[in-house]
Amino acid sequence: MSQSHYLELRAIPQPELTQSQVLSHLMQALHQYLPAYAGRIGAAFPAYGQTRGLGGIIRLIGNEADCQALHQQLHASGNISDYALLYPVAAVPSAIQSHVRYSRSHHKGPSALRRAEQRLSTQGKWQPEIADNMRAKWQTPPKLPHLKLRSASTRQTFTLWIKQQNYTHPQTGLFSAYGLSQEATVPQF
């Protein structure tokens with residue numbers, strides 16, 4: 001899978017929204033387009049961790065044809081231009097020192113506890129101490145940058161926690177409809 005080109009979205013400061021809310025809006029809009037690219041376009045957050053957030057930049061990396069097509073779609077979309085500056089497609093620099101994987105980190109809560117209790121009860125292994133241990137473990141959400149998104153199918157709001165892992169060599173794989181991956185990396189520059 002070629003990662004030869006990229007395009008960037010840089011959040012425009014909004015007086016009534018935080019930078020995180022602007023990025024959430026942008027990722028919600030990108031989620032409409034990325035599935036059409038069948039996992040070939042990955043998302044990167046070059047300012048990840050600044051002010052404990054994702055930063056104000058979303059970099060989309062893929063092959064030249066996919067990046068050009070996505071750029072045209074985003075340029076034509078009215079819901080992107082009010083929230084971000086869309087930069088032209090450019091070639092990825094040739095001297096890449098490292099690669100990064102941006103993946104979704106799942107935080108478990110009350111529904112996972114109910115499912116575990118039901119599963120373990122049918123097996124005859126459920127004990128109240130198990131519930132206490134699970135609650136203690138899951139009580140604190142991860143300290144990772146995140147976005148608040150809305151499911152298109154259920155209309156429920158959920159939190160997308162994003163974890164960054166650094167690698168010295170590229171890892172191959174496919175990207176999700178949010179441009180994240182459990183296997184694949186993107187070049188860091």
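Me: Is Tyr6 buried or exposed?
Reply: This is a predicted model, so local features need pLDDT of at least 70, side-chain atom pairs count only at pLDDT 80 or more, and totals for chains, interfaces and linings use all residues. Residues are numbered from 1 along each chain as its sequence is written, and side-chain values use heavy atoms, with hydrogens and water left out. Buried means under 20% relative accessible area, exposed over 50%, and partly exposed in between (1.4 Å probe, protein chains only). Tyr6 has 16% relative accessibility, so Tyr6 counts as buried.

Me: Which parts of the chain does the pair of Tyr6 and Phe189 tie together?
Reply: Rings of Phe, Tyr and Trp (its six-membered ring) pair if their centres lie within 6.5 Å; planes under 30 degrees apart are stacked, over 60 edge-to-face, the rest tilted. Here the centres are 4.8 Å apart with 65° between the planes, making an edge-to-face pair. Strands (E, at least two residues) and helices (H or I, at least four) are DSSP runs numbered from the N terminus. The partners are 183 residues apart in sequence, so the pair ties strand β1 to the segment after β9 (186–188).

Me: Why is the pair of Phe158 and Tyr178 edge-to-face?
Reply: Tyr178, at 12% relative accessibility, counts as buried. The ring centres of Phe158 and Tyr178 are 6.5 Å apart, and the pair is edge-to-face because the planes stand at 70°.

Me: Which element gives the largest share of the lining of the second largest pocket?
Reply: A pocket, on a 1 Å grid over the protein atoms alone, is an open set of points where a 1.4 Å probe fits, with protein on both sides within 12 Å along at least five of seven lines; lining residues have an atom within 4 Å of a point. Among the lining residues are Arg104, His106, Gln156, Phe158 and Trp161. The elements giving two or more residues are β6 (98–105) and β8 (157–167). The largest share, four residues, comes from β8.

Me: How far apart are the end C-alpha atoms of helix α1?
Reply: The expected span of a helix is 1.5 Å times one less than its number of residues. For the 15 residues of α1 (residues 19–33) that should be 21 Å, and the end C-alpha atoms agree with it at 22 Å.

Me: Which elements do the buried residues of α1 pack against?
Reply: The buried residues of α1 include Val22, Leu26, Leu30 and Tyr33. Contact means heavy atoms within 4.5 Å. The packing partners are β1 (5–11), β3 (57–62), α2 (64–76), α3 (78–81), β4 (84–86) and β7 (146–150).
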